[in-house]
Amino acid sequence: MTEHRSYLRSLERSRRSLTREDRPEVFAMAGREWDLLDGVFAPPFSATTGIALDVLGLTGDDEPRYRPGGSFLEIGTGTGIIAVSAALAGCARVVAADISTAAVRNTALNAVRHGVGDRLRAVHSDLFAALDADERFDTVYWHSNFVLAPPDYRPETQHEIAYVDPGYQAHRRYLSEAPGLLAEGGSALLQFSDRGDVALLHEMADSCERELVVRDRRRFLEGAEELEHILFEIRG
Ligand SMILES: C[S@@+](CC[C@H](N)C(=O)[O-])C[C@H]1O[C@@H](n2cnc3c(N)ncnc32)[C@H](O)[C@@H]1O
């Protein structure tokens with residue numbers, strides 16, 4: 001495994017992010033202020049949430065990857081910054097799901113802070129498990145925990161699950177199930193990274209008869225490390 005893909009380094013990043021002295025209770029991003037609760041993935045400590053907002057067209061001039069007036073499901077909502085921004089950008093129905101209970105609370109807080117509590121529902125869910133069986137969406141999106149951990153690794157905190165996916169078990173389910181949640185003409189999106197195992201992701205997609213189409217790529221520096229984020233559309 002190359003150094004930048006090391007799950008141990010990602011676990012170290014997770015621990016540091018929880019205990020840094022400069023971890024804020026409120027942070028500014030995309031022209032707004034956001035609550036950050038203890039134990040939740042911290043957007044100010046990584047470029048990746050900002051990239052997510054950009055590739056979805058929720059900031060600046062990029063092509064919108066959501067449907068104004070439509071529905072948007074975010075898996076792994078964290079602070080809720082992406083889901084709330086989608087509601088503010090005109091999505092009429094937003095569901096924001098996370099396996100972390102603190103993230104669900106955090107998202108509900110930010111929805112109220114920005115006045116979209118009437119059209120955003122924050123749900124505690126392992127991927128799609130807690131959604132109504134007949135719910136369908138124009139956009140399904142996950143900025144995932146793309147670093148591969150060994151299949152038998154047991155995360156010690158909910159926060160570690162924001163960084164690593166043991167055996168890519170959650171990714172395998174997302175690839176298989178996300179297209180089934182789409183309304184007619186909708187798109188299922190996965191924001192992944194070259195910190196993850198892109199070749200294995202493709203193998204898993206093939207094995208469940210999904211096609212991965214690259215919709216966007218962004219290169220950026222994190223410290224001295226050059227990284228790439230890739231927005232895949234899952235077809236099939
Ligand atoms: C990289 S963080 C992204 C957080 C937020 N969307 C952002 O961009 O700031 C990944 C998120 O996925 C969530 N997650 C991981 N596995 C999940 C699962 N099986 N079901 C739901 N959420 C999950 C984590 O708890 C975490 O909040």
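Is tyrosine 168 buried or exposed? Let us find out in this predicted model, one close-up at a time.

**View 1. Tyrosine 168 in its loop.** Tyrosine 168 is buried, with a relative accessible area of 0%. You will find this residue in the loop between β8 (164-166) and α5 (169-177). Look at the backbone here too: phi of tyrosine 168 is near 50 degrees, a positive value in a residue other than glycine. Most residues other than glycine have a negative phi.

**View 2. Glutamate 209 in its loop.** Here is another residue that is not a glycine and yet has a positive phi, of about 60 degrees: glutamate 209. Glutamate 209 sits in the loop between α6 (198-207) and β10 (211-222). Its relative accessibility is 67%, so glutamate 209 counts as exposed.

View 3. Start with threonine 49, where a polar side-chain atom lies 2.8 Å from an oxygen atom of the ligand. Histidine 143 also brings a polar side-chain atom, 2.7 Å from an oxygen atom of the ligand. At glycine 76 the backbone takes part: one of its N or O atoms lies 2.7 Å from a nitrogen atom of the ligand. Taken alone, the ligand exposes 600 Å², and the protein buries 98% of that.

**View 4. The shell around the ligand.** Which elements give two or more residues to this shell? They are β3 (71-75) and β6 (137-143). In total, 20 residues surround the ligand, and the closest are Thr49, Gly76, Asp98, Leu127 and His143. Sorted by kind, the shell holds 9 nonpolar, 8 polar and 3 charged residues.

Technical notes. Residues are numbered from 1 along each chain as its sequence is written. This is a predicted model: local features need pLDDT of at least 70, side-chain atom pairs count only at pLDDT 80 or more; totals for chains, interfaces and linings use all residues. Side-chain values use heavy atoms; hydrogens and water are left out. A residue is near a molecule or strand if one of its heavy atoms lies within 4 Å of it. A polar contact is a pair of N or O atoms within 3.5 Å; within protein, one must be able to donate a hydrogen and the other to accept it, and residues adjacent in sequence count only if both atoms are side-chain atoms. Accessible areas come from the Shrake-Rupley method with a 1.4 Å probe; for residues, only the protein chains shown count as cover. Helices (H or I, at least four residues) and strands (E, at least two) are DSSP runs, numbered from the N terminus. Ala, Val, Leu, Ile, Met, Phe, Trp, Tyr, Cys and Pro count as nonpolar, Asp, Glu, Lys and Arg as charged, and the others, Gly among them, as polar. Buried means under 20% relative accessible area, exposed over 50%, partly exposed in between (1.4 Å probe, protein chains only).
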